[in-house]
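Dear colleague,

Please find the structure below, handed over for your reference.

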Amino acid sequence: MHFSQSVIEIIQQRFSCRSYLNLPIADDTRQLLADLAASFQVGPLGTPVRCVLLAATESDRRSLRGLGTYGFIKNPAGFLVGAVQSGERNLEDCGYILEHLVLYATDLGLGTCWLGGSFTKSSFARRVAVVEGESVPAVVAIGYMAARGDVRNEPLRRRLGAVHRLPWEQLFFRVSFDQPLSKAEAGAYAVPLEMVRLGPSASNKQPWRIVREGKAWHFFLKRTPGYGDSLIFKLMRLADIQRLDIGIAMCHFALTASELGLSGHWLVQKPAIACPDEQTEYVVSWVE
Ligand SMILES: Cc1cc2nc3c(=O)[nH]c(=O)nc-3n(C[C@H](O)[C@H](O)[C@H](O)COP(=O)(O)O)c2cc1C
C-alpha cells in the first residue's frame, strides 16, 4: 500500500479538522495526493469516480463562513472533490474513494473535514467540469492543521473520538439484528469493525450496522429518521449523504482487513436477514 504507516494508526489519527493554517499545500505533497487521486477511477462497486484536488479560492472561504456548513471551517488550503457517475451504489463508491484519499492525506500530515451538509456544491461541480450524468455529492476540506500541532502526539483526542461513538452492541450483530456480536466472536475481524466505528459520518450519526453470517459481513444503512428527507434537503437536491458514510465504512473495513492479511471481496446480494425497522436497509456484503 502507498501508506507510510499502518492504516490502523492512520484511522486513529484522523479527525474532522475545522481550522487550518493559512498556507497552501506544499507542491510535492499536492503532487502525491493528485497522483493517488488520478489512480482511482472506479469505486469497489463499479461506479466511475473522478477525484480532483482544488486550491481554495477567496470566494470558497467566504461561502464557508456563511450559512453553508454546520461546523465553522477556517482557512482550508483546498478541497478534494469527488465527481461520480449516476448508478445504484454510486454514493457508496464515492465515499469509499474520497475516504481513501482522506486517509492518505492524514498519513501525509494534513488535516481534513468532509463537507456534505448544505454547503453549495455547484461551484465545485463547475470547477471540476462535471459532465452529463456526473454529480458532486460531497467535498473534503484539506490543509495544514491549525493549533492542534502534530495530531500524532494527541492520544487524548483519539480516546475522545472513541467516546463519541455508539457502543459495539448497537452496531455489530451476529446472524440477526437481535444478537449483538462480541469482540471475541468477531475474532480477527474485531479490528476492521473497530476501524469502521472510528470512521467519520455525517453529523456523527454512525448509520452503519454490520451483521455477520458465517463468512459474510453484511453492511446495512440505518437511516436517521427525517435525515436527508426534509424539505430543505429536497429543495436543495442534496445527495443522500448517509450512503457516503457506508462507503467510508467499507473503505476502513477493507483497508484494515487487507493490512491484516484478511482477504475478501464485496458482493451485493441481499441476505435473508430481517431488518429491525423501516429505516434499515441492506447495502453490501464483504465475503471472506
Ligand atoms: C458525509 C459527511 C459529511 C459531513 N459534513 C460535514 C459538514 O458539512 N460540516 C462539518 O463541519 N462536518 C461535516 N462532517 C464531519 C462529521 O461531523 C464528523 O465526521 C463526525 O462528527 C465525527 O467526528 P470526527 O470526524 O472528528 O471523528 C461530515 C462527515 C461526513 C462523513
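**Findings: an enclosed helix and the core**

Six of the eight residues of helix α9 (residues 190-197) are buried, so this helix is largely enclosed by the rest of the structure. Please note that this is a predicted model. The buried residues of α9 are Pro192, Leu193, Glu194, Met195, Val196 and Arg197. Their cover includes the helices α1 (7-13), α7 (168-171), α8 (183-186) and α11, together with the strands β6 (172-174) and β8 (208-213).

Ile210 belongs in turn to the largest nonpolar core, which has 70 residues. Those with the most contacts inside this core are Leu80, Leu101, Val139, Val140, Ile210, Phe219 and Met250. Helix α11 (residues 241-259) supplies the largest share of the core, namely eleven residues. At least three core residues come from each of domain 1 (7-151) and domain 2 (155-287).

Trp217 lies in strand β9 (residues 216-222). Is this residue buried or exposed? Trp217 is buried, because 24 other C-beta atoms lie within 10 Å, and 20 or more are required for that description. Apart from neighbours within four places in sequence, Trp217 is in contact with Tyr189, Ile210, Arg212, Ser285 and Trp286. Trp217 and Leu193 are 24 residues apart along the chain, and their C-alpha atoms are separated by 10.0 Å.

With kind regards

Conventions
Residues numbered from 1 in each chain as written. Predicted model: local features only at pLDDT ≥ 70, side-chain atom pairs only at ≥ 80, totals over all residues. Core = buried A, V, L, I, M, F, W, Y, C linked by C-beta atoms within 7 Å. Buried ≥ 20, exposed ≤ 12 C-beta atoms within 10 Å, placed from the backbone. Helix = DSSP H or I, 4+ residues; strand = E, 2+ residues; numbered from the N terminus. Domains from an automatic or database assignment. Contact = placed C-beta atoms within 7 Å.
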